[in-house]
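Keep the picture open while you read.

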Amino acid sequence: RLTDHLAACVRRHPGRLLALGHLPEWDIERDPEAGMAEVSRAYALGLHGYQFHTASRFRHGVTASWDGPPLRRLWVHVAGLGKPVFFTLTPWPGPTVTDSLGQLRTWQGWLERYPRVPAVLTHGFPWRLFREAGELRLPASLFEAFRAPAARLQLLFHISLGNVWDY
């Protein structure tokens, strides 16, 4: 299991490595208790937060909102554990500005429900969607969720745009 492997790495290199817990996001609605137990287990093993990937849900055919009522028990449990949550959001149902902004609005709702939980949007935005005429054109609505005090943004221009522009 990935969680066990990551925990072993952290134990071998304390003070040097941090790791995040994972669980099969596509399976949460079927067995929320197992999801809650796995997040708690990851923290008990010494992991530092929880990584949530929306793409894995979509790949497995789960199109219901990841912040809808079926997942609320998991989110309340995760929030109560006091560790950060790292969100990797994928525009759904397609790679469009509208779908990307929709996922950010869902995240904004999550941030409003759990205002004390540090939340990191990983990988930044899907930068390529916001390219026009060789420039980045970022709508103001892209940043609305970051009014929440707990919201953080990981910027990765060099990974997502490194083959477009020299850096």
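## A pair of neighbours in a loop

Start with two side chains: those of Thr122 and His123 make a polar contact at 3.0 Å. Keep in mind that you're looking at a predicted model.

Where does Thr122 sit? Look in the loop between E4 and E5. Is Thr122 buried or exposed? Thr122 has a relative accessibility of 6%, and buried means under 20%, so Thr122 counts as buried. His123, on the other hand, comes out as partly exposed, at 40%.

Setting aside neighbours within four places in sequence, Thr122 is in contact with Gln51, Phe86, Phe87, Thr88 and Gln154.

Now check the backbone angles. His123 isn't a glycine, yet its phi is positive, at about 65°. Ala133 is another non-glycine residue with a positive phi, this one near 50°. You'll find Ala133 in the loop between E5 and strand E6 (135-136). Ala133 has a relative accessible area of 77%, and the cut-off for exposed is over 50%, so Ala133 is exposed.

There's a cis peptide bond to spot as well: it joins Trp92 and Pro93, with omega at about 15°. Pro93 belongs to the loop that runs between strand E3 (85-88) and helix H5 (97-113).

## The sheet

Zoom out and look for the sheet. How many strands form this open sheet, and in what order? There are five, arranged E1-E2-E3-E4-E7, and their pairing is parallel. At the edges are strand E1 (20-21) and strand E7 (151-153), each of which pairs on one side only.

E1 pairs with strand E2 (residues 49-53) in the parallel sense, over two bridges. Within that pairing, Leu20 stands opposite Gly49 in E2.

## Helices on the sheet

Which strands does helix H4 (residues 69-81) touch as it packs on the sheet? The answer is E2 and E3, and the direction of H4 makes about 155° with that of E2.

Helix H5 is the other one to find: it lies across E3, E4 and E7. Compare its direction with E4 and you get an angle of about 170°.

Terms used. Residues numbered from 1 in each chain as written. Predicted model: local features only at pLDDT ≥ 70, side-chain atom pairs only at ≥ 80, totals over all residues. Heavy atoms only, no water. Helix = DSSP H or I, 4+ residues; strand = E, 2+ residues; numbered from the N terminus. Buried < 20%, exposed > 50% of the residue type's maximum accessible area, 1.4 Å probe, protein only. Polar contact = N/O pair within 3.5 Å; in protein donor to acceptor, adjacent residues only side chain to side chain. Contact = heavy atoms within 4.5 Å. Pairing = 2+ DSSP bridges. Axes fitted to C-alpha atoms, helices over the stretch in contact; angles between N-to-C directions.
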